Amino acid sequence: MSAMTMTEKILARSSGKSSVVPGENVWTNVDVLMTHDVCGPGTFGVFKKEFGPNAKVWDKDKLVLIPDHYIFTKDAMANRNVDVLRAFAKEHDIKYFYDVGTANYKGVCHIALPEEGHTRPGEVLLGTDSHTCTAGAFGEFATGIGNTDAGFVLGTGKLWLKVPPTMRFVFHGQMPPYLMAKDLILAVIGDIGVDGATYRAMEFDGDGVYALNIEERMTLCNMAIEAGGKNGIIAADQVTFDYVNKRNAGQKPYSAVKTDPGAKFDFEKVYDVTKMEPVVAKPHSPDNKATVTEVKGTKLDRAYIGSCTGGKLTDFKAAAGILNGKTVKIDTFVVPATTEVARGLDTEKIGGKSLRDIFLAAGAKIGEASCAACLGGPSDTFGRLNTPISCISTTNRNFPGRMGHKEAKVFLASPLTVAASALAGTIADCRDLLV
Ligand code: SF4
């Protein structure tokens, strides 16, 4: 049997084969299917149309329903979508439904999934959201699918998938305090372009990656899709096992895989993190890379810290460290990805002050756990860019209109860079504040 990458090994196992090669199509058995308020209604519609109005979900304990996108809004259509999730969860007796307005409510699906124990090494996780690739941080095959495919999975538990070739990105060296995973992934996307990894697995490797905590690894994998990647993936290690074993929903057994020595990569690039710099993605594309040095002083109107890629506790600790004892010069919005992260804003302290107190004292506004303005949303969405302003953001996309107004300009950056820029009112270098 020839040597395989992690992605190939997982797809071989999930399709009952001893080996697969890139380009081969396989019937994959799905371990977890996730859908949310935006795509759930469409997925259920396909399922009922194709499998019948009384059809049963293939395995109700493998379906996870997470309302997160358009939650805190008066918009009637958005509210109706959540009602459709509620009705489906009731009809099919879905255990893993994190309904808004209940103690179960979580927030952004890609952070809620691991927090609630739905991510496990070696498994196949599909979700009706392109950033489902975030869960590759747990050593699993995780990718976004459309409503039609998800409707098919609901009825059968299977999906016909083409095995992607793997690109390998190796990060060596000890991360300097002014860099975060966001800088690494923005550098990669800037180097290879938004189509540089189209339908390929992006495997992240090297001591620089394994030194990252699990949240930072999630940031790396989250943005694989911004390079067109089918999935992002990082081999599970003790950091992963410690996180997963504490949370594993239903204590489901799992088995991790590693890339075989001699496995073939489609592309390989090695980075020395000690030589990298803080970067931003300028409007209007995540691959429009510039070093902070090149764009320092660019005028801004708003700063936004949130989303699945930049609204985790690690992100807020970094931002609060910069904002502590200072005052922001521009409107600054803080949106925890999940309710667990929101609780962390109160329990996590720097110099005896909670992160929440630091943000509020600095003049930032704190929203409720959700996607909020990352995807624009209805006009009453917290932090939405309703006018053509310039915003620096820890989110993952800056295409025209992504955060609201189609003429708004969005610069993507790490939480350290966004916090430093919030204090200056212009793009600022966090290295000036960390000395
Ligand atoms: S936070 Fe943004 S990128 Fe993440 S799932 Fe929500 S809308 Fe998508």
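This is a predicted model: local features need pLDDT of at least 70, side-chain atom pairs count only at pLDDT 80 or more; totals for chains, interfaces and linings use all residues.
Which residue of strand 11 is the bridge partner of F169?

Residues are numbered from 1 along each chain as its sequence is written.

**View 1. The two domains.** The domain assignment gives domain 1 (7–247 + 266–270) and domain 2 (279–434). Such bounds come from an automatic or database domain assignment. Taken over C-alpha atoms, the domain centres are 24 Å apart.

**View 2. Where domain 1 touches domain 2.** Here 37 residues of domain 1 are in contact with 42 residues of domain 2. Contact means that the C-beta atoms of two residues, placed from the backbone, lie within 7 Å. Helix 4 (109–115), helix 6 (181–192) and helix 8 (214–222) each supply at least two residues of the domain 1 side. Helices (H or I, at least four residues) and strands (E, at least two) are DSSP runs, numbered from the N terminus. The largest share of the domain 1 side, 6 residues, comes from helix 6. By class, this side has 16 nonpolar, 11 polar and 10 charged residues. Ala, Val, Leu, Ile, Met, Phe, Trp, Tyr, Cys and Pro count as nonpolar; Asp, Glu, Lys and Arg count as charged; the others, Gly among them, count as polar.

**View 3. Helix 8.** This helix is mostly covered, with 7 of its 9 residues buried. The buried residues are E216, R217, M218, T219, L220, C221 and N222. Buried means 20 or more other C-beta atoms within 10 Å of a residue's own, with C-beta atoms placed from the backbone.

**View 4. The shell around the ligand.** Around the ligand stand H69, V108, H110, D129, H131, S307, C308, C371, C374, L375, T395 and N396. Each has its C-beta atom, placed from the backbone, within 6 Å of the ligand. The shell holds 5 nonpolar, 6 polar and 1 charged residues. Domain 1 and domain 2 each give at least three residues to the shell.

View 5. Four strands run in the order 10-9-8-11, with parallel pairing. Two strands pair if DSSP finds at least two bridges between them. Strand 10 (231–233) and strand 11 (267–272) stand at the edges with a single partner strand each, so one side of each has no neighbour in the sheet.

**View 6. Strands 8 and 11.** Strand 8 (residues 166–172) pairs with strand 11 in the parallel sense over 6 bridges. The bridge partner of F169 in strand 11 is K269.

Key. A residue is buried if 20 or more other C-beta atoms lie within 10 Å of its own, exposed if 12 or fewer, and partly exposed in between; C-beta atoms are placed from the backbone.
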